Amino acid sequence: MQKFKEPITARGVRAELARMAEPEYAAFAGRLLPGVDDLLGVRLPKLRALARRLARGDWAAYLAAAESGTFEERMLQGMVIGSLDAPAKEVLACVAAFLPKIDNWSVCDSFCSGLKLARAEPERVWDFLMPLLHDARPYAVRFAVVMLLLYYIDEAHLPAVLECLARVRHEAYPVKMAVAWAASMCYAAFPRETLQWLQSMPLDAETHRKTIRKICESRRVDAAEKQRVKQLAWSEALHLQRPL
C-alpha cells in the first residue's frame, strides 16, 4: 500500500479509498446490502489495514474531521475506534459519537466485532450498553444487542443477557433480528437455561418466531434440540403473564 503524501486528513483518506475502490466489488457487495447505495467497493482487509494506520497516528484529529458520505468512510471510522489504544473514557466517547452514523447492519456488526475495549473493560462497556437497549435509534439498540451476543454470552452474564433481551421493545426489523440472533446464540451455548426462558414467552410473537428459526438454522444445535424448540408455539397468554 502506498504511503500518504500528506498528513492523514479526511481528504487524504477519501483519496486513498477512491484509489483502492473496485467497481465490480461494489456491485457484488451492493447485492448483499440492499438499500446501501454509496458503496465505493473497497475490500475489508484493505479497510482494516488503513484503520490500523490511522489508529496509530493522530486518530483524534482524523475522527473529528472524518467524512461519512460513503459506506467505506463510515466502516473505516468504526474500525479505527475499535483499534484504539486509549483510555476507556475516550474510546467510549468516540463510540457514542459514532453511533448516529450507523445506518446498516454491516457497519453496525463489524463495528461491534472490532471493538476490543469490550474484552479489556467488560463491566465498563456493559454499563455503557444498558441505556442503549432502550434508545429510540434502531442501530443504537442493535449495537447494544450485538455487543451482548459477541462478548457476554457466558455463565456469569447469561441471566442478565436474557433479561436484557426480554426488555428490548424496539419495532425495527434490524433490532428484532439482532434479538433473535442473540437469543439463538444463548440457546446454542446454554440450551437448558435458554429453553426455560423461551417457554416463559419473554419476546413478542415476531421476534419469538425469528428466534426459533435462527436456532433451527444453527449448526451448533443438534436435531433433537431443534425438534424440541419447534414445539414452542408463541402464546399470547404466557407473554402477557411474563415478569416485567
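At what angle do helix α7 (residues 105-113) and α10 pack, and how far apart are their axes? The angle is about 40 degrees, and the axes lie 9 Å apart. This is a predicted model, in which local features need pLDDT of at least 70 and side-chain atom pairs count only at pLDDT 80 or more, while totals for chains, interfaces and linings use all residues. Residues are numbered from 1 along each chain as its sequence is written, and side-chain values use heavy atoms, with hydrogens and water left out.

Helices (H or I, at least four residues) and strands (E, at least two) are DSSP runs, numbered from the N terminus. Two packed helices are described by the angle between their axes and the distance between the axes. Axes are lines fitted to C-alpha atoms, for helices over the stretch in contact, and angles run from 0 to 180 degrees between N-to-C directions. Angles under 35 degrees count as roughly parallel, over 145 as roughly antiparallel, 65 to 115 as roughly perpendicular and the rest as oblique. So α7 and α10 are oblique to each other. The crossing of α7 past α10 is right-handed; a crossing gets that name if the near helix is turned clockwise from the far one by less than a right angle, and is left-handed if anticlockwise.

As for who touches whom, contact means heavy atoms within 4.5 Å. From α7 come Trp105, Cys108, Asp109, Phe111, Cys112 and Ser113, and they meet Tyr139, Arg142, Phe143, Val146, Met147, Leu150 and Tyr151 in α10. Sorted by class, the residues of this contact are ten nonpolar, one polar and two charged. Here Ala, Val, Leu, Ile, Met, Phe, Trp, Tyr, Cys and Pro count as nonpolar, Asp, Glu, Lys and Arg as charged, and the others, Gly among them, as polar.

Helix α10 (138-151) also has α9 (residues 122-129) as a partner. α9 and α10 pack at about 150 degrees, their axes 10 Å apart, which makes α9 roughly antiparallel to α10. This time the crossing is left-handed. Val125, Trp126, Phe128 and Leu129 of α9 make the contact with Phe143, Ala144, Met147 and Leu148 of α10. The class count is eight nonpolar, no polar and no charged.

Which residues of α9 are buried? They are Val125, Trp126 and Leu129, where buried means under 20% relative accessible area, exposed over 50% and partly exposed in between (1.4 Å probe, protein chains only). These three sit on the same side of α9 because they cover an arc of only 105 degrees around the axis, the arc being that of the directions from the helix axis to the C-beta atoms. They pack against α6 (88-98), α8 (117-120), α10 and α11 (158-167).

Helix α15 (residues 223-230) can be read in a similar way. Its buried residues are Glu225, Lys226 and Val229. They cover an arc of only 100 degrees around the axis, so they fall on the same side of α15. On the other side, Ala223, Ala224 and Lys230 are exposed. The cover over the buried residues of α15 includes α12 (173-189), α13 and α14.

One of those covering helices, α14 (residues 205-217), holds Thr207. Thr207 is buried, at a relative accessible area of 2%. Leaving aside residues up to four places away in sequence, Thr207 touches Lys176, Val179 and Ala180. In the loop between α13 (191-199) and α14 sits Met201, which counts as buried at 3% relative accessibility. Phi of Met201 is near 55 degrees, a positive value in a residue other than glycine.

Now for helices α1 and α3. Helix α1 (residues 10-20) packs with helix α3 (residues 44-56) at about 160 degrees, with axes 11 Å apart, so the two are roughly antiparallel. The crossing is right-handed. Val13, Glu16, Leu17 and Met20 in α1 meet Lys46, Leu47, Leu50, Arg53 and Leu54 in α3. That contact has six nonpolar, no polar and three charged residues.

Val42 belongs to the loop between α2 (23-32) and α3. Is Val42 buried or exposed? Val42 is buried, with a relative accessible area of 3%. Its contacts, not counting residues up to four places away in sequence, are Leu17, Met20, Ala21, Tyr25, Leu47 and Glu72. The C-alpha atom of Val42 is separated by 34 Å from that of Asp127, which is 85 residues apart from Val42 along the chain.
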